[in-house]
Amino acid sequence: MCIFMKTVSCIFIVDDDPITVFGIKKMLKSVVICDDIQIFQNGQEAYEAVKERKENGRIIPEVIFLDINMPIMDGWDFLDEIIALDINEHIVINMITSSIDPMDYEKWNGFKDRCPYTLNFKNKPIFKIESNDLGCITAAS
């Protein structure tokens, strides 16, 4: 567990559900210090923002909360695109879903094997932001 509040330079929340976005933002306030939290309603908007940041040498998000099922570009397509961008910075991507389809979990496992970033899987509703959701390393006691 993170003993102190973690400072994160940038967080993206990519979800078309305003209740989920509200909940994540509220929970983040108690565990992280971040002056740059960006909200996107679909993967295309978030991808364009990451691409623009990379092209202009701006800070890449350290943490992304990414819904799987969204209009225009879903979470899986976003992952394909962000992997292709070849970003060298460490990113923690938290896949979030209300789906109970076991294929989503299997697909996530497949992405974990080829994704250069930390990839977590969380079911909605999210009740707590865990330390590993922010990239904190926990030590066994």
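With a disulfide taken as a pair of cysteine sulfur atoms within 2.5 Å, the count comes to 0 disulfides. The structure is a predicted model, in which local features need pLDDT of at least 70 and side-chain atom pairs count only at pLDDT 80 or more, while totals for chains, interfaces and linings use all residues. Residues are numbered from 1 along each chain as its sequence is written, and side-chain values use heavy atoms, with hydrogens and water left out.

The sulfur of Cys34 has its closest cysteine sulfur in Cys10, at 6.1 Å, which is too far for a bond. For Cys115 the closest cysteine sulfur is again in Cys10, but the separation of 17 Å is likewise too far for a bond. Cys34 is buried at a relative accessible area of 16%, and Cys115 is buried at 9% (buried: under 20% relative accessible area; exposed: over 50%; partly exposed: in between; 1.4 Å probe, protein chains only).

Helices (H or I, at least four residues) and strands (E, at least two) are DSSP runs, numbered from the N terminus. At the N-terminal end, α2 is capped by Asn42, a side-chain oxygen of which lies 2.9 Å from the backbone nitrogen of Gln44.

Most residues other than glycine have a negative phi, and most peptide bonds are trans. Ile72, in the loop between β5 (63-67) and α3, has a positive phi of about 70° and is exposed at 73% relative accessible area. Asp86, in the loop between α3 and β6 (92-97), has a phi near 55° and is exposed at 56%. The peptide bond from Lys124 to Pro125 is cis, with omega near -5°; Pro125 lies in the segment after β7 (118-123).

The mean pLDDT (the predictor's confidence in each residue, from 0 to 100) is 87, and 93% of residues reach 70 or more. Over residues 137-141 pLDDT stays under 50, and the model has 2 contacts beyond four places in sequence for them. Where pLDDT is low, the predicted coordinates should not be read in detail.

Note on methods. A polar contact is a pair of N or O atoms within 3.5 Å; within protein, one must be able to donate a hydrogen and the other to accept it, and residues adjacent in sequence count only if both atoms are side-chain atoms. Contact means heavy atoms within 4.5 Å.
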